[in-house]
Amino acid sequence: MEVITCAFCKGKGIDPFGILSELAICQVCGGQGEVNVDEPIIKCAFCKGSGVHPHTRLACSACRGKGSIACKGAKEKCPDCEGRGFKGDENLPCSFCDGKGIV
Ligand SMILES: [Zn+2]
Ligand SMILES: [Zn+2]
Ligand SMILES: [Zn+2]
């Protein structure tokens, strides 16, 4: 288990988009500014580590806003999305690798 800075709020602990309120706590880390991810971890391919679902103001559905993802057992680039984490439509994570980009 590795403790990393919450990508969604960049460690601030506050909802970066202030949808409910400018002081609403970050839904990803619960206001802690940090999240736990099982090791080994890689940067989320789908959101490119930003923690934000592409083209939305929601937490990335592949890494759940953490920006990094557990990749235990993964060995190679996903053949379905060629490591990008999505296929064609950028709004949906690749179903083969769940947005990790590796399998
Ligand atoms: Zn956060
Ligand atoms: Zn992500
Ligand atoms: Zn894939």
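Residues are numbered from 1 along each chain as its sequence is written, and chains are lettered from A and ligands numbered from 1 in the order in which they are written. Because the model is predicted, local features need pLDDT of at least 70 and side-chain atom pairs count only at pLDDT 80 or more, while totals for chains, interfaces and linings use all residues.

The chain contains 0 helices and 4 strands. Helices (H or I, at least four residues) and strands (E, at least two) are DSSP runs, numbered from the N terminus. Read from the N terminus, the order of elements is β-β-β-β. The radius of gyration is 14 Å, close to the 13 Å that the globule rule gives for 103 residues, so the chain is as compact as a globular protein of that length. Here the radius of gyration is taken over C-alpha atoms, and the globule rule is 2.2 Å times the number of residues to the power 0.38. The C-alpha trace spans about 40 × 30 × 15 Å along its principal axes.

Strand 1 (residues 2–5) pairs with strand 2 in the antiparallel sense, over 4 bridges. Two strands pair if DSSP finds at least two bridges between them. Within this pairing, Val3 stands opposite Asn36 of strand 2. Strand 2 (residues 34–37) has a covered face made of Val35 and Val37, and an uncovered face made of Glu34 and Asn36. In a regular strand the side chains alternate between the two faces of the sheet.

Of the 103 residues in the chain, 36% are buried. A residue is buried if 20 or more other C-beta atoms lie within 10 Å of its own, exposed if 12 or fewer, and partly exposed in between, with C-beta atoms placed from the backbone. Among the contacts with a separation of 6 or more, 49% join residues 24 or more positions apart. Two residues are in contact if their C-beta atoms, placed from the backbone, lie within 7 Å.

The largest nonpolar core has 25 residues, and those with the most contacts inside it are Cys6, Phe8, Val28, Cys44 and Cys60. A nonpolar core is a set of buried Ala, Val, Leu, Ile, Met, Phe, Trp, Tyr and Cys residues joined through C-beta atoms within 7 Å. In soluble globular proteins, nonpolar side chains tend to be buried together.

Phe8 lies in the loop between strand 1 and strand 2. This residue counts as buried because it has 28 C-beta neighbours inside 10 Å. Not counting residues up to four places away in sequence, Phe8 touches Pro16, Cys26, Val28, Gly51, Val52, Ala59 and Gly65. The C-alpha atoms of Phe8 and Gly67 are 7.1 Å apart, although 59 residues separate the two in sequence.

Cys47 is in the loop between strand 3 and strand 4, and is buried, with 26 other C-beta atoms within 10 Å. Leaving aside neighbours within four places in sequence, its contacts are Val52, His53, Pro54, Cys60, Ala62, Cys63 and Gly67. From Cys47 to Gly85, 38 residues apart along the chain, the C-alpha separation is 8.1 Å.

Gly99 belongs to the segment after strand 4 (68–70). With 24 C-beta neighbours inside 10 Å, Gly99 counts as buried. Beyond four places in sequence, the contacts of Gly99 include Cys44, Phe46, Ala62 and Phe86. Its C-alpha atom is 8.5 Å from that of Gly83, 16 residues apart along the chain.

Backbone geometry was examined at further positions. Most residues other than glycine have a negative phi, and most peptide bonds are trans. The peptide bond from Glu39 to Pro40 is cis, with omega near -5°. Both residues lie in the loop between strand 2 and strand 3 (41–43). Glu39 is exposed, with 10 other C-beta atoms within 10 Å, and it touches Met1 and Glu2, not counting residues up to four places away in sequence. Glu39 and Lys75, 36 residues apart in sequence, are 14 Å apart from C-alpha to C-alpha.

Lys48, which is not a glycine, has a positive phi of about 55°. Phi of His55, also a residue other than glycine, is positive and near 70°. Lys48 is in the loop between strand 3 and strand 4, and the place of His55 is in the loop between strand 3 and strand 4 as well. Lys48 counts as partly exposed, with 16 C-beta neighbours inside 10 Å, whereas His55, with 8 such neighbours, counts as exposed.
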